[in-house]
Amino acid sequence: MTSSQPPGGPACGAHPANAPAPAMHPASAPGAGAPHPANAPTLPQRPDDDLRIGVIGLGLRGSLAETAHRPGAGARVTAVADLDPAVRAEAATRFPGAAVTDDHRAILGSADIDAVLVLTPDHTHADLACEALRAGKPVLVEKPLDITVERCDAILRAAYETGTRLYVGHNMRHMPVVRLMRDLITRGDIGEVKTVWVRHFVGHGGDFYFKDWHAERRYTTGLLLQKAAHDLDVLHWLAGGYTRQVQALGDLMVYGAPDADRRAPGEPKAAGWLDDDNWPPRSQRDLNPVIDVEDVSLVNLRLDNGVLAAYQQCHFTPDYWRNYTVIGDAGRLENFGDGPGAVVKVWNARRSGHRPEADAVHPVPDLQDNAFHGGADPLLIDEFLRFARDGGPTDTSPVAARMAVAAGAQATASLRDGGTPRTVPPLDADLAAYFAAHQSRPYRTGPDQPPRTNSLAVLDD
Ligand SMILES: NC(=O)c1ccc[n+]([C@@H]2O[C@H](COP(=O)([O-])OP(=O)(O)OC[C@H]3O[C@@H](n4cnc5c(N)ncnc54)[C@H](O)[C@@H]3O)[C@@H](O)[C@H]2O)c1
């Protein structure tokens with residue numbers, strides 16, 4: 001990990017003042033001066049013009065860059081920045097003709113880049129996103145937005161101050177199982193939602209979360225934020241509110257055992273780190289040298305609309321999926337499976353004992369993509385490209401992303417403090433209003449005047 005910003009450190013810290021941005025390779029992508037909104041691209045106007053995408057960080061989640069690379073169909077990856085030389089060497093093959101650099105500033109400073117994907121580890125998001133926003137580049141930031149509330153708020157504020165479009169990669173809002181549950185709730189099949197219970201069985205937990213940076217608080221805060229941000233966001237979306245109060249318990253029960261096999265510091269991840277045969281969990285080898293996050297966590301949440309919710313996460317289950325139960329004042333729903341072949345069952349017609357057949361069984365639409373997200377990633381990228389180009393409402397929400405981090409961060413603080421209740425800090429009202437208006441600038445002084453200030457005092461719509 002060479003680009004670390006410790007939690008609680010200054011959010012959106014800049015690189016050394018006015019350091020020049022290096023040129024990218026090949027020379028077709030000219031370097032430019034220090035990132036500044038003056039470099040903001042004029043996005044192609046014709047819908048068949050590809051947006052030129054710069055990618056920062058091409059690790060495991062490079063799959064999303066591949067999803068965005070659709071030459072002739074709206075977008076192409078034309079530049080990649082990564083700190084790892086092996087990744088850079090691979091990038092040239094994955095995206096032929098793309099400029100490749102070790103310094104993201106070359107991308108942000110280039111007038112030949114229209115939009116940016118930030119796919120780096122969580123603790124780097126605020127710095128990179130703020131730089132992208134200040135450079136005038138519409139940016140997709142992977143979830144979680146960052147690892148503290150303060151750093152998330154810094155990103156939202158940079159978007160507000162610059163007027164540059166910010167999008168967050170909460171792809172679960174595009175997962176068919178989630179959209180089906182939301183549609184059933186929205187059309188009233190279970191009445192008004194009162195309580196939501198989510199269980200996350202993280203079957204490959206030892207592989208994905210305990211063999212690299214995910215296992216360290218300084219890069220994630222904890223997995224009740226890192227991993228749970230997805231489900232906390234969905235839980236908020238299904239319940240129609242945001243968490244106000246949390247109380248959590250958790251522990252490191254399996255991967256922290258004294259005899260657990262860890263790599264020596266500096267030793268790279270071993271081949272075979274991801275394998276169905278890495279079972280049982282206690283037989284896992286080559287775990288991260290430092291492990292100070294929990295592998296089991298349970299949290300209770302009270303939302304601002306009165307909904308009560310629970311979320312549970314375990315990293316040593318044999319199976320890998322999520323189970324949602326949503327109970328309204330006129331029925332309940334539950335998903336069985338969350339990928340191809342899954343169903344959502346609804347009980348809403350009468351009282352009974354256990355009735356496995358339910359009153360309605362809704363098959364989850366079977367979409368496929370390249371990264372096991374039930375077809376969500378192409379839809380996520382479709383939405384980001386449309387938003388980067390035209391703006392307007394989106395199903396993902398930067399404010400919701402911040403609220404998911406806030407709930408996860410406070411829950412983590414609670415579980416590390418004996419389960420004491422914690423309150424989620426509210427979002428600044430100006431930021432909330434700006435994002436509620438879909439990041440449009442509602443404060444022009446006249447119909448033909450450019451925005452003069454970020455005061456929301458003069459609303460024209
Ligand atoms: N939405 C989802 O479903 C989903 C799934 C997986 C991961 N993620 C998120 O995606 C992000 C990336 O995760 P990952 O698993 O790909 O991580 P990874 O460790 O596999 O890859 C991160 C890459 O970023 C590079 N990098 C780090 N700092 C950089 C910098 N300053 N400039 C350029 N490159 C830099 C690293 O060299 C590495 O290649 C994380 O925030 C993670 O939480 C989201």
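Modeller: The following dialogue takes up the features of this model one by one. It is a predicted model, in which local features need pLDDT of at least 70 and side-chain atom pairs count only at pLDDT 80 or more, while totals for chains, interfaces and linings use all residues. Residues are numbered from 1 along each chain as its sequence is written.

Biologist: How many helices and strands are there in the protein?

Modeller: Helices (H or I, at least four residues) and strands (E, at least two) are DSSP runs, numbered from the N terminus. The protein has 13 helices and 15 strands.

Biologist: What percentage of the residues count as buried?

Modeller: A residue is buried if 20 or more other C-beta atoms lie within 10 Å of its own, exposed if 12 or fewer, and partly exposed in between; the C-beta atoms are placed from the backbone. Of the 461 residues here, 48% count as buried.

Biologist: In what order do the strands of the open sheet stand?

Modeller: Two strands pair if DSSP finds at least two bridges between them. The open sheet has nine strands in the order β14-β13-β12-β11-β7-β10-β9-β8-β15, and its pairing is mixed. At the edges stand β14 (360-363) and β15 (422-423); each has a single partner strand, so one side of each is left without a neighbour in the sheet.

Biologist: Which way do β7 and β11 run, parallel or antiparallel?

Modeller: Strands β7 (residues 193-201) and β11 (residues 321-328) run antiparallel and are joined by eight bridges. One example is F201, whose bridge partner in β11 is W321. By contrast, β7 and β10 run parallel, joined by seven bridges, and W197 has A310 as its bridge partner in β10.

Biologist: What do β9 and β10 form?

Modeller: They form a hairpin with four residues between them, and G306 in the turn has a positive phi of about 95°.

Biologist: Which helix lies across β8, β9 and β15?

Modeller: For such angles, axes are lines fitted to C-alpha atoms, for helices over the stretch in contact, and angles run from 0 to 180 degrees between N-to-C directions. Helix α12 (residues 398-415) lies across these three strands, at about 45° to β8.

Biologist: How far does α12 reach from its first C-alpha to its last?

Modeller: The expected span of a helix is 1.5 Å times one less than its number of residues. Helix α12 has 18 residues and reaches 26 Å, close to the 26 Å expected. Of its 18 residues, 16 are buried, so α12 is largely enclosed by the rest of the structure.

Biologist: Is L415 of this helix buried or exposed?

Modeller: L415, in helix α12, counts as buried, because it has 24 C-beta neighbours inside 10 Å. Its C-alpha atom is separated by 5.7 Å from that of G250, 165 residues apart along the chain. Leaving aside neighbours within four places in sequence, the contacts of L415 include A248, L249 and G250.

Biologist: Which residues touch the most other members of the largest nonpolar core?

Modeller: A nonpolar core is a set of buried Ala, Val, Leu, Ile, Met, Phe, Trp, Tyr and Cys residues joined through C-beta atoms within 7 Å. The largest has 116 residues, and L117, V118, V139 and I155 touch the most other members. Its largest share, ten residues, comes from α12.

Biologist: Where are cis peptide bonds found?

Modeller: One runs from K143 to P144, with omega near -15°, and P144 lies in the loop between β5 (139-142) and α5 (149-162). Another joins W279 and P280, with omega about 0°; P280 is in the loop between β8 (243-251) and β9 (296-303).

Methods: Contact = placed C-beta atoms within 7 Å.
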